[in-house]
Amino acid sequence: MGFIDLFYSNKTQKEEETISELPRAVAFVDYEHWYISLKNNFGMKPNIKGWFEDLKSRVTLTEAIFFADFSHKSLADEIKRIRLYSNTIIDTRNVGTNIKKDFTDFIILDHIYQKALSSNDVDVFILFSGDGHFSSVVSFLKNFRGKEVGVYGIKDSFSRQLKETANWFVSLPTESDQ
């Protein structure tokens, strides 16, 4: 039984038929952006369940990869919450050097490009980040790989250029989240 089977196992036959018609997608989550921006701007924690529910209405999610430097105590505590939805968690902490550099964006980009070049069965790339530096990879996915790209980001921490480059975007938190 795969990730999709486990994720959608409580669905009715009609819901299963609708799900199978949705495009196949993979999600790349900059959890540092999600957690820190939401906490600083709204005093909230990420609604991971709500995000997955929104994705279910848009795509058939085959993989969700969460990235962050989990060496920070507040983020380390989030791992158990993330594991309820995905076991693919990439800790991006920079070890073995005295240089304090955050490599999260570079590691996310590497994973996106590898997936784009190695997996032809992915129709939609989902990115959760508000960082405008991701506009180039979004443009590459759309224009050179023919992929649909959806972007989620946090209000007041969401690059206008990134929104404009994507096929569609969702700003969080929603009114119901607030």
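**Salt bridges and nonpolar cores in a predicted model**

Glu164 is exposed, at a relative accessible area of 53%. Here, exposed means over 50% relative accessible area, buried means under 20%, and partly exposed lies in between (1.4 Å probe, protein chains only). The model is predicted, so local features need pLDDT of at least 70 and side-chain atom pairs count only at pLDDT 80 or more, while totals for chains, interfaces and linings use all residues. Residues are numbered from 1 along each chain as its sequence is written, and side-chain values use heavy atoms, with hydrogens and water left out.

Glu164 forms a salt bridge with Arg160. A salt bridge is a side-chain nitrogen of Lys or Arg within 4 Å of a carboxyl oxygen of Asp or Glu. In this pair the closest N and O atoms are 3.2 Å apart. Arg160 is also exposed, at 59% relative accessibility. Both residues lie in helix α9 (residues 160–165), four residues apart, or about one turn of the helix. Helices (H or I, at least four residues) and strands (E, at least two) are DSSP runs, numbered from the N terminus.

The structure holds eight salt bridges. One of them joins Arg58 to Asp54, with the closest N and O atoms 2.8 Å apart. These two residues are four residues apart in helix α4, so about one helical turn separates them. Arg58 is partly exposed, with a relative accessible area of 31%. Asp54 is partly exposed too, at 24%.

Lys115 pairs with Glu63 in a salt bridge, and the closest N and O atoms are 2.9 Å apart. This pair links distant parts of the chain. Glu63 is partly exposed, at 23% relative accessibility. A network of salt bridges links Lys45, Glu78 and Arg81.

Nonpolar cores were examined next. A nonpolar core is a set of buried Ala, Val, Leu, Ile, Met, Phe, Trp, Tyr and Cys residues joined through side-chain atoms within 4.5 Å. The largest has 28 residues. Those with the most contacts inside it include Tyr31, Trp34, Trp51 and Phe66. Among the elements that give two or more residues to this core are β1 (24–30), α3 (31–42) and β6 (168–172). Apart from this core lies another, of 19 residues, among them Phe28, Val122, Leu127 and Val138.

Contact means heavy atoms within 4.5 Å. Leaving aside neighbours within four places in sequence, Trp34 is in contact with Val29, Pro46, Asn47, Ile48, Trp51, Phe66, Phe128 and Ile154.
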